[in-house]
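Take a walk through this structure, one part at a time. Keep the sequence beside you as you read.

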Amino acid sequence: MVDRLTEIKNQEEQIRQGGGAKAIESQHNKGRLTARERIAKLIDPKSQFFELGLYAAHEMYEEWGGAPAAGTITGLARVSGRQVMIVANDATVKAGAFFPMTAKKVIRAQNISIENRIPTIYLVDSAGVFLPLQEDVFPDTDDFGRVFRNNAVMSAMGIPQITAIMGMCVAGGAYLPVMCDHILMTEGSGLFLAGPALVQAAIGQKTSAEELGGAQMHAQISGTIDFREPDDAACLKRIRALVDKIGHAPSPRFDRKESEMPAHPPEEIYGVFSSDPSKQYDMREVIARIVDGSKFEEYRPEYGQTLLCGYARIGGWAVGIVANQKKHVTVLAPGTGEKRTEFGGVIYTESADKAARFILDCNQHLIPLIFLHDVNGFMVGKEAEWSGIIRAGAKMVNAVANSVVPKIAVICGGSFGAGHYAMCGKAYDPRFIFAWPTARYAVMSGDSAAGTLVEIKIKQLERAGKKLSDADKKELHESIRATYEHQTDPRYAAARLWVDAIIDPAHTREALIESLEAAALNPDVREFKTGVLQT
């Protein structure tokens with residue numbers, strides 16, 4: 001694990017360089033800070049920026065020179081003591097232009113703000129849509145236009161939005177700041193639907209950028225902006241002053257006491273967790289290094305033992321935890337009383353029944369849910385089918401899907417097949433979803449997939465009258481396995497925003513506390529209904 005973690009941390013530092021040293025120098029030569037420098041000056045001293053979506057667009061758009069972090073930076077931070085979402089265009093990456101994944105990343109940040117009612121700050125410095133890929137940026141429900149739709153929806157919901165134009169803001173992108181509550185603009189920046197060259201081409205009118213859409217014009221003539229600032233430093237100071245005046249949401253409905261550190265150091269997770277699918281470990285030992293005082297009130301500990309359910313506190317917040325247990329257990333089979341072994345990481349009928357009931361309880365008592373994934377899937381075979389595994393699994397999925405309390409998922413090891421869904425995968429609306437460097441995320445494991453796909457390929461070739469040697473079969477298996485393993489890597493998932501961040505296992509507690517504090521900003525919890533349960 002440590003080697004993989006080191007590799008990822010080094011890679012993250014490279015991504016944070018954005019467009020590289022030359023592009024950073026160019027930004028400085030314009031008298032502007034980079035996006036990361038702006039964020040560092042905006043957030044409270046000695047506080048941390050909890051970045052989300054760093055790996056967005058990783059290994060994508062390479063034919064265009066790549067787009068590190070999708071050319072935009074998103075994350076949670078403290079500004080004037082308040083938790084906020086920050087969305088900042090990185091002008092060192094293709095002048096901050098919007099690639100397809102850029103739009104999806106901004107929309108994901110806005111959706112987090114909407115779900116959790118988080119005040120949002122936009123630091124705009126963008127050339128607009130990346131035109132060579134406009135067909136994948138412009139038209140769909142999760143493309144560029146959705147950003148402005150979300151601006152309007154967030155405003156109607158009373159979620160504070162502050163925009164600072166700190167560079168170029170052109171074409172359709174010009175609507176983003178004007179649909180927010182406060183608009184700031186620095187000298188030398190530009191805000192217009194069409195730049196001087198396009199205006200001349202379209203209507204034959206010649207004008208300078210400053211006259212067309214500069215800060216002075218918008219402050220004195222169009223009346224579009226609220227504050228004209230001389231430079232980045234003054235603009236960031238003004239944002240802090242505005243955030244300081246924002247009113248507070250109603251008190252959260254979720255219980256919180258004084259926080260208590262775990263009895264065991266979080267760094268010990270490296271030793272108690274195993275990423276080897278063939279090895280067992282006790283998930284209780286991982287939980288003990290995340291929760292307050294290492295106290296875990298386990299629910300029905302002797303029943304459905306391949307899923308752990310229980311109550312705890314994290315950062316003082318009351319939570320319910322659903323976690324895959326990776327230890328094999330010996331149980332008495334229902335009906336026969338015969339002893340049988342249940343394999344760790346597999347969801348059995350009794351496990352699914354227990355988890356569904358526990359999730360119902362947490363919704364009944366307004367307790368947020370934490371899901372810790374290391375799941376191979378549901379049990380298969382005649383005995384499992386006779387026991388009603390599909391019915392029990394459907395009941396658990398129903399409970400997860402209809403939960404009204406905040407849900408946060410952490411993929412620690414494997415997260416395969418329908419087990420991923422039952423453990424609140426991305427499709428089940430977790431407020432946040434994180435992955436450890438050891439995460440594996442797919443329909444099935446690489447070995448299982450390779451074996452299945454090789455058998456299909458061999459039969460196809462045999463029907464065509466071809467026969468593979470053992471060496472050919474081995475080569476085909478390894479080729480398919482390598483491709484599949486690459487796609488199950490958490491970086492592949494993070495590049496496509498299937499996870500919000502890849503986190504250091506020892507920092508899981510901090511990530512969960514940040515997420516719970518964000519979730520608590522939204523006091524509205526709708527009525528809990530499940531519809532028909534397959535009992």
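Start with helix 1, residues 2-15. At 1.5 Å a residue, its 14 residues should span 20 Å, and its end C-alpha atoms are 20 Å apart, which agrees. The expected span of a helix is 1.5 Å times one less than its number of residues. Helices (H or I, at least four residues) and strands (E, at least two) are DSSP runs, numbered from the N terminus.

A word on the source. This is a predicted model, in which local features need pLDDT of at least 70 and side-chain atom pairs count only at pLDDT 80 or more, while totals for chains, interfaces and linings use all residues. Residues are numbered from 1 along each chain as its sequence is written, and side-chain values use heavy atoms, with hydrogens and water left out.

Which residues of helix 1 are buried? They are Leu5, Ile8, Glu12 and Ile15. Seen down the axis of helix 1, its buried residues fall within an arc of 80 degrees, so they line one face of the helix. The arc is that of the directions from the helix axis to the C-beta atoms. Buried means under 20% relative accessible area, exposed means over 50%, and partly exposed lies in between (1.4 Å probe, protein chains only). An α-helix has 3.6 residues a turn, so residues three or four places apart point the same way. On the other side of helix 1, Asp3, Asn10 and Gln14 are exposed.

What do the buried residues of helix 1 pack against? Their partners are helix 11 (269-272), helix 19 (490-495) and strand 20 (501-502). Contact means heavy atoms within 4.5 Å. Threonine 6 is also found in helix 1. Its relative accessible area is 40%, so threonine 6 is partly exposed. Threonine 6 and aspartate 504 are 498 residues apart in sequence, yet their C-alpha atoms are 9.8 Å apart in space.

Now turn to charge. Side chains of opposite charge can pair when their charged atoms come close. The structure holds 34 salt bridges. In a salt bridge, a side-chain nitrogen of Lys or Arg is within 4 Å of a carboxyl oxygen of Asp or Glu. One of them joins glutamate 7 to arginine 491, with the closest N and O atoms 2.9 Å apart. Glutamate 7 lies in helix 1 and arginine 491 in helix 19, so the pair ties together parts that are 484 residues apart in sequence. Glutamate 7 is partly exposed at 40% relative accessible area. Arginine 491, at 9%, counts as buried.

Another bridge links glutamate 383 and arginine 340, at 2.6 Å from N to O. Glutamate 383 lies in helix 14 (residues 382-386) and arginine 340 in strand 13 (residues 339-342), so this pair ties together parts 43 residues apart in sequence. Glutamate 383 is partly exposed at 48% relative accessibility, whereas arginine 340 is buried at 19%. Salt bridges that share partners also join Arg4, Glu7, Asp489 and Arg491 into one network.

Next comes helix 4, residues 100-116. Its 17 residues reach 25 Å from first C-alpha to last, close to the 24 Å expected at 1.5 Å a residue. Of these 17 residues, 14 are buried, so helix 4 is largely enclosed by the rest of the structure. Arginine 117 follows helix 4, and its phi is positive, near 60 degrees.

Phenylalanine 98 lies in the loop between strand 3 (82-89) and helix 4. At 6% relative accessibility, phenylalanine 98 counts as buried.

Most residues other than glycine have a negative phi, and most peptide bonds are trans. Alanine 57 has a positive phi of about 70 degrees. Phi of alanine 69 is near 60 degrees, also a positive value. Alanine 57 lies in the loop between strand 1 (50-52) and strand 2 (72-79). Alanine 69 lies in the loop between strand 1 and strand 2 too. Alanine 57 is buried at 3% relative accessible area, and alanine 69 is buried at 5%.

Tyr175, Met179 and Leu193 make a nonpolar surface patch of about 290 Å². Patches are made of residues with over 30% relative accessible area and no salt bridge, with like charges joined within 9 Å and nonpolar side chains (Val, Leu, Ile, Met, Phe, Trp, Tyr) within 5 Å. Accessible areas come from the Shrake-Rupley method with a 1.4 Å probe, and for residues only the protein chains shown count as cover. Tyrosine 175 lies in helix 6 (residues 175-178). At 44% relative accessibility, tyrosine 175 counts as partly exposed.
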